[in-house]
Amino acid sequence: MKGTYLGEFEELVLLTVGILHDDAYGLAITDELESRTKRNITISSVHKALVRLEKKGYLKSQMGGASQERGGRAKKLYLLTNSGKNTLNESKSLRNQMWNDVPKIVWEGGEI
Amino acid sequence: MKKTPPQWMTKFLRWYCSKDLVDGIEGDLFELYKRRQKKYGRPRANALYLFNVLLFFQPFAFKKRESNRRLNTMDMFRNHLRIGIRSLLKTKAITAINILGLAIGIASFIMMIAYVISELSYDKFHSKADRIVRTFYSYEARGATQSIARVSFPLKYRLLEKYPEVEQVVRFGKDNKDAATFEYQDRLFTEEKIYFTDPEVFEVFDFPFIAGDPKSALTARNSIVMTDLAAKKYFGDENPIGKTILFKNEDQLVVTGVLEKSTHSHIDFDFLIPLELHRHREMRRGGGDIEKYWSWSGSWTYVLLKDASLKDDFNDRFHEDGIDLFGRVENPRVDYNYASQPLLDIHLKSDMVAEMEVNGNINQVYGFAVVAFLILIIACLNFINLTTAQSTNRAKEIGLRKVMGAYRSNLVGQFITEAILVTLLSTVFGLMLLEMMVPVFNSFMGQNISIPYFQLPILILLFLIGAVVVGVLAGSYPSFYLSRLKPVQTLKGNYQGDRSNSGMRKLFVVGQFIVSNVLIIGIIVVQMQMSLIKGKNLGFDKEQMIVLEHGSKINEEFEVFRSRLSLIPGVNDVNLGYVAGTPGWVQSYNVEDSVAEEGKSMGLKRVSFEFLDFYDLEMASGRYFSTSFATDTMQAIVINEAAAQSFGWTNEEALGKKFSWYGISRLIETKVIGVMRDANFESLYKPVKPSVFRLAFSGDVTVKFDVENQDQLLSTISAVEDAWVELFPQWPFEFNFLDQQIQDQYLKEERLGQMIQFFALLAIFIACMGLFGLAAFTVKKRTKEIGVRKVLGAGIWSIVGVIMKGFLVLVLISFIISAPAGYYISENWLQDFAYRVKLSPFIFLFSGLISTLVAGLAILYQSLNAARLDPVNTLKHE
């Protein structure tokens, strides 16, 4: 296991799973990420991240319903686990902490 | 319009993608595809789909090995090994046949391949080997080209002068007609392998030096370089460098270098002396200067080129220039065609007149390699056959394993493990056998093969890998066959084997016996041809004669020696000059009024007045040389029938024809006074060479005896020795029996033939062992049938007949196929001989009879055993 380190892309994928709540599957996550980040995101990298996150225990999956639109294939739906939520929280509070510790002058002083 | 992406792409995705993920991924990609198809159209959507499929081709998406299989691999392997050992022990006889057969096969294979490698590695140890070529010349006589391995000595300077690509030229020469002696501390030695050569020899060739300086070893005229073996013989453990030895009673030579004896060089020498010394000795004796003497081709000339790629170019130009090059030299004979050949081709591919030694034969080496592979294949077929034959024994085990959930791949693994176990055991036995075979082979073939286990530890690894490969190859058919058995059939009780498999087995038996039969035919044909050559009447008397090694040194005192010997009872006659049965000289003649450019090269035999009577030869027309014609000495020649025929003359027409040739200083003209009946003076592989006989008063000395028995012969020879020691104490008395000497020409061929025969016999033996084992199984399978037959009143012999019929039909089929194949191969081989046996159908019938007999004996034993069994025992289980 790679420990609990969360990469930037993984964090985004985790958050997107949270956003989509009960319809978080590969393609939907990709679409959501693309529209939010305006980046080109390949579907395979999203799947790869999902597999890794599931292995780390931040996500769990279940098979959803099949539909004609998907050629009769079921969706693999992802949900945040508690440990996933904790990690996101930690990550967020770490950032908040760091934001707070940046002296105001940095923001107001302009360029040196 | 189709709405799905191409099937093969999806199939590919399903192939590699793990089960957990494939649904989700495939669904996502399909959704995406539909969206893209609407947006961009089908082709682009397809391309993007493929792109996506390929992007998913990453480790995270791959199928995972089922974890349970990874866990017990070691345990299963151990189990396979244990079951394998148990089943081997259960059928001890078959296991023994299997292992012995394979061991013999493997040992023979390694042995023969080692020989082939050794033959192929000749002269490769010279670091510049690929840049060295040897020059030779050819001439055409009536459509046939004759090539001579030696050229004139002065050619060296033309080569160095005319061709910028030539880096160095080294010549070797040998005093062929004169055995050399060395004297060291009052001991006399006769040496044969002594060459004179240029001091630059070690710039071109890398003969490994043990002591001395390669650069200067042969620069002084009185220097000599010897091999370590020779040095040991002369000086024991003393340091040879600086020691002085006496050469041919005349020259004191100082040892300046010791070389390691090279076993894989076609230049096989014990001593090297400077060319300058030989030249000096010749001039001292009143002969010409060999460095200026164009008409004697006595030099094996090796050219070192600046680059290996220049070989062809050099050869072309050399060939072209040869014509003009020799138009300007003092001797205007231009029947030469010069050319060059690579050093590495000499040992196996060159068969010219005047080679340094009898070379190997590439075809024989290939023959060896083929027999080697045949043996290995026969041994493997044996193994396959015996293993599949055992399927009945293993059927229950296989069924049970399958019921317990074994995949087919597990079973294949199991049987291949067993096969590898057997081949590994066989390899170990084979290597032991090999250790016993190598010394026998070496002493028999005059070879020096060793398997360098310790110098090359990788060999052992290689042998083991080889064993595993053979195991996998030999084990794959049985394992795929066995693993196919259906548990339903095998477990319900009386599984009696599979018909289709017995067909395959029959095919293997037929294959083995085709190979064996061809080998038997080969053995018979080789045997017949060899005895034909041995027993061939050469056309001259060769019994009870000895040739004296140093006879040519006593020229002037020959008559003294002769009259001294005439006093010894038992000595019939003494002759001076050409010895029948040995290779003679070659000389170019201008016949009748032909211009010099049309000189014909012919054999030359320098003979005495007594030659005809001495060897019991006959004249076909005219007369032989006679002391009553004074002109016979210089102006008369005798030719043989072959020579007359080659000019299209009858024996009578040939009389009085003019032959002229260039002596050392002038043109000499002679007339034919007689034609001699053909006799096979030279190799029987070739037809009688057109030859000229000329009177000479020097040459070898041959003594003919007229004795009753061996004891008398020996006492007469020792009387001759006494006379020799009395008259010529400075030269050792050494001799060869003429018939033996002639026989020795064929020694190498004969031994190689015997070796191939030996290995062919082994191959047949292995095939019979296989048949023996197979018969055992067939019989076992049919015990019940035999029991029933016996109960119904069949006699032992009728049962034996029933069993043997099945096998003998197979042997018969293989005979029918092998006879034409054997005929074709034998006919090809015999084409090389001038005197050859006729292939009669009896050879083939005989070989068929032998193989049937041998196979019959192998089966007879088994079927007799089976027929004797009491039906009470064989039938009681039912």
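Modeller: Buried residues make up 32% of the 112 residues in chain A. Buried means 20 or more other C-beta atoms within 10 Å of a residue's own, exposed means 12 or fewer, partly exposed is in between, and C-beta atoms are placed from the backbone. This is a predicted model: local features need pLDDT of at least 70, side-chain atom pairs count only at pLDDT 80 or more, and totals for chains, interfaces and linings use all residues. Residues are numbered from 1 along each chain as its sequence is written, with chains lettered from A and ligands numbered from 1 in the order in which they are written.

Biologist: How many helices and strands does chain A have?

Modeller: Chain A has 5 helices and 2 strands. From the N terminus on, the order is α-α-α-β-β-α-α. Helices (H or I, at least four residues) and strands (E, at least two) are DSSP runs, numbered from the N terminus.

Biologist: At what angle do α1(A) and α2(A) cross?

Modeller: Roughly 105 degrees, with the axes of α1 (residues 8-20) and α2 (residues 26-37) of chain A coming within 10 Å. Axes are lines fitted to C-alpha atoms, for helices over the stretch in contact, and angles run from 0 to 180 degrees between N-to-C directions. α1(A) and α2(A) are therefore roughly perpendicular, a label for 65 to 115 degrees.

Biologist: Which residues make the contact?

Modeller: From α1(A), they include L12(A), V13(A) and T16(A); from α2(A), they include A28(A), I29(A) and E32(A). Contact means C-beta atoms, placed from the backbone, within 7 Å.

Biologist: Switching to chain B. Which way do the side chains of β10(B) point?

Modeller: They alternate along β10(B), residues 244-247.

Biologist: What about the turn between β10(B) and β11(B)?

Modeller: The two strands form a hairpin with 3 residues between them. K248(B), in the turn, has a positive phi of about 50 degrees.

Key:
Pairing = 2+ DSSP bridges. Parallel < 35°, antiparallel > 145°, perpendicular 65-115°, else oblique. Contact = placed C-beta atoms within 7 Å.
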